[in-house]
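Q: Got a structure here that I'd like to walk through. Can we take it piece by piece?
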Amino acid sequence: MKPNEMFDHVCSSISVPYRNYDWRYSKTSHWMTKKDKNFMYKVFFYTSLNNVSDKNVVFYGEFAIISLKTKNKIFNINSRQCNMPNGKLHWNIANKEDSHQAVIEFTDWLDRVCVPIIEKCTNDLDNFVDEVTTNGFYPPKGYIVDIAFILCYGSRELAEKASNKYYRSLEEKIQKEFRDNYNSLNLGNEAASSYGKNMMRNYSNFRTIIENKIKVDF
């Protein structure tokens with residue numbers, strides 16, 4: 001098969017069992033989507049422009065949660081971050097045997113890492129917000145949190161708790177950038193550095209904290 005045909009085959013094969021659980025697969029965009037009343041769940045499939053037939057055809061993927069209310073991506077994680085497959089950056093699906101193994105391993109990753117998060121969001125959101133506040137979305141990769149998610153679906157008290165924990169999870173150098181810009185902006189001044197300007201220009205935890213005047217203790 002040509003690289004694009006092999007990629008299409010792997011993506012489609014992965015999607016098949018999930019279609020029985022209200023997932024929709026887009027062959028042209030190479031993604032799967034599913035919705036509940038609050039969120040869209042999305043699985044993106046990726047390859048490379050430098051594939052070589054029968055030698056190297058890249059495959060990896062990403063899972064994301066998008067708020068239907070704000071349209072912002074509140075959590076995402078990719079297979080590379082989870083050291084899949086076996087510490088490599090991607091699967092090589094150049095031949096049928098390897099492509100079959102990629103389908104098995106990627107499906108296992110979705111079921112182990114992503115599906116449990118979806119089930120908690122859909123069926124037990126209140127408790128999941130508490131869990132994310134305490135541990136983040138995916139504790140094995142550190143404190144991954146979205147303050148706007150907690151503010152919207154939890155409470156201001158939880159958002160303040162998460163904001164402080166988020167600040168403490170940052171590297172020391174980034175903590176200083178955060179602190180300097182937080183203090184400056186809360187006094188009504190301009191951002192103290194490019195960090196503050198960039199964070200206020202784009203969707204970020206820092207911007208959510210500033211715009212909602214969430215207290216962070218230094």
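Q: Which helix does T208 lie in?
A: T208 lies in helix α8, residues 205-211. Helices are DSSP runs (H or I, at least four residues), strands likewise (E, at least two), numbered from the N terminus.

Q: What kind of model is this?
A: This is a predicted model: local features need pLDDT of at least 70, side-chain atom pairs count only at pLDDT 80 or more, and totals for chains, interfaces and linings use all residues. Residues are numbered from 1 along each chain as its sequence is written, and side-chain values use heavy atoms, with hydrogens and water left out.

Q: Back to T208. Buried or exposed?
A: T208 is buried, because its relative accessible area is 7%. Buried means under 20%, exposed over 50%, partly exposed in between (1.4 Å probe, protein chains only).

Q: What does T208 touch?
A: Not counting residues up to four places away in sequence, T208 touches I147, A148, L151, Y203 and I214. Contact means heavy atoms within 4.5 Å.

Q: New topic. How many residues are in the largest nonpolar core?
A: The largest nonpolar core has 61 residues. Such a core is a set of buried Ala, Val, Leu, Ile, Met, Phe, Trp, Tyr and Cys residues joined through side-chain atoms within 4.5 Å.

Q: Which helix gives the most to this core?
A: Helix α2, residues 96-123, with 10 residues.

Q: And which residues have the most contacts inside the core?
A: F45, F59, F63, I65, W109, F149 and F178. Leaving aside neighbours within four places in sequence, F45 is in contact with residues including F7, W31, F59 and F106.
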